[in-house]
Amino acid sequence: YIQLAHKQMDQYHIRFSKQTPDERNTIKQQNLSRGYHTIEDSQWFVHGLEAIVTLHDYRYTNTNHGYPHNHDFFEIVYVYSGKCMSLISGKEQMLYSGDICLYNLQAIHRLQRFQPEDTVFNILIRQDLFQRSFLDMLAENDMITDFFIQSIYTINNRAGQIVLHPDPDYHCEELIQSIVEVYYQDKPMSQSMMKALLVLLLGEMTRQYRSHFD
């Protein structure tokens, strides 16, 4: 699916390159005045999609989306192979193969890859999808649910993230790979299947996260 992911990113960046001078100037001014810019969900979610997968493409690291930013959608970062550095609210954290990082809505962040062979997928999820579909289903998963609720309703909560490392007792990596596979296969019902897999993934993430406090 790597080739499909690269092709998709080319299409996205062609669309981004068509921004008007005023739009590009707005982003530039945000970067200069605040040190980061905000990415709107309309830039990524097209054709009615509510959950998508993107590749953190080494070729576009120095574009606007490689600069510190936040956004009004949730992002799950999955390091498929190699490594990357997550810079969130000024703090650096290395992520390695198998690691999963979940950002909240306010987190000012950027990712840096070091080699073209480093493969990092991003799962992007619209905020209203959580509010409409996931929170009730995740009611028992208090840690993950609280993370999302605080992110949605807490203003300027910019430090929030959850990082999970590979653990053979749980199936987080297996589930996230299934989400990537379903997305790039692009068969009928793929969005519904992704939503179901996301519920399973977030539940399994909660189980693993809880295990560290038992």
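This is a predicted model: local features need pLDDT of at least 70, side-chain atom pairs count only at pLDDT 80 or more; totals for chains, interfaces and linings use all residues.

**Entry 1: a strand pair**

I began with β5 (residues 83-88) and β8, which run antiparallel and are joined by five bridges. Looking across the pair, I found Cys-84 opposite Arg-113 in β8.

Which residues of β8 are on its covered face, and which on the uncovered one? I found His-109, Leu-111 and Arg-113 on the covered face of this strand (residues 109-113), with Arg-110 and Gln-112 on the uncovered one.

**Entry 2: the whole chain**

Next I stepped back for an inventory. I have six helices and ten strands in the chain. Of its 214 residues, 49% count as buried. The chain exposes about 11,000 Å², and carbon and sulfur atoms supply 51% of that area.

I also looked up how far apart in sequence the contacting residues are. Taking contacts between residues at least 6 apart, I see that 78% join residues at least 24 apart.

**Entry 3: the five-stranded sheet**

In what order do the five strands of the open sheet come? I read it as β2-β9-β4-β7-β10, with antiparallel pairing. β2 (51-55) and β10 (161-164) are at the edges with a single partner strand each, so one side of each has no neighbour in the sheet. From one strand to the next, the twist averages 15 degrees.

I then checked two of the pairings. β4 (residues 73-81) and β7 (residues 100-103) are antiparallel and share four bridges; within this pair, Ile-76 has Leu-102 of β7 as its bridge partner.

Two helices pack on this sheet. Helix α5 (residues 172-185) touches β2, β4, β7, β9 (119-126) and β10, and its direction makes about 95 degrees with that of β2. Helix α6 (residues 190-211) touches β2, β4, β7, β9 and β10 too, with about 75 degrees between its direction and that of β2.

The other pairing I checked was β2 with β9, antiparallel over five bridges.

I wanted to know how covered β2 is. Five of its five residues are buried, so the strand is largely enclosed by the rest of the structure. Ala-51, Val-53 and Leu-55 point one way, Ile-52 and Thr-54 point the other way, and all are buried.

**Entry 4: the cores**

As a reminder to myself, nonpolar side chains tend to be buried together in soluble globular proteins. Which residues have the most contacts inside the largest nonpolar core? They are Val-53, Ile-76 and Leu-201, in a core of 39 residues. α5 gives the most to this core, with eight residues.

There is also a second, separate core of eleven residues, with Leu-95, Cys-101, Leu-111 and Val-163 among them.

Back to Leu-201: setting aside neighbours within four places in sequence, I list its contacts as Ile-76, Cys-172, Leu-175, Ile-176 and Ile-179.

Met-194 sits in helix α6. Met-194 is buried, at 0% relative accessible area. Leaving out neighbours within four places in sequence, I find Met-194 in contact with Ala-51, Ile-52, Val-53, Ile-179, Val-182 and Tyr-183. I also looked up Val-180, which is 14 residues from Met-194 in sequence and 8.7 Å from it in space, C-alpha to C-alpha.

Glu-204 is in helix α6 as well. Is Glu-204 buried or exposed? Its relative accessibility is 8%, under the 20% cut-off, so Glu-204 counts as buried. The side chain of Glu-204 makes a polar contact of 2.7 Å with that of Arg-207. Not counting residues up to four places away in sequence, Glu-204 touches Tyr-170, His-171, Cys-172 and Leu-175.

**Entry 5: the loop between the two helices**

I finished with backbone angles. Most residues other than glycine have a negative phi. Asp-186 has a positive phi of about 50 degrees although it is not a glycine, and it lies in the loop between α5 and α6. Asp-186 is exposed, with 60% relative accessible area.

Met-189 is in the loop between α5 and α6 too. Its phi is positive, near 70 degrees. Met-189 counts as exposed, at 58% relative accessibility.

Technical notes:
Residues are numbered from 1 along each chain as its sequence is written. Side-chain values use heavy atoms; hydrogens and water are left out. Two strands pair if DSSP finds at least two bridges between them. Axes are lines fitted to C-alpha atoms, for helices over the stretch in contact, and angles run from 0 to 180 degrees between N-to-C directions. Contact means heavy atoms within 4.5 Å. Buried means under 20% relative accessible area, exposed over 50%, partly exposed in between (1.4 Å probe, protein chains only). Accessible areas come from the Shrake-Rupley method with a 1.4 Å probe; for residues, only the protein chains shown count as cover. A polar contact is a pair of N or O atoms within 3.5 Å; within protein, one must be able to donate a hydrogen and the other to accept it, and residues adjacent in sequence count only if both atoms are side-chain atoms. A nonpolar core is a set of buried Ala, Val, Leu, Ile, Met, Phe, Trp, Tyr and Cys residues joined through side-chain atoms within 4.5 Å.
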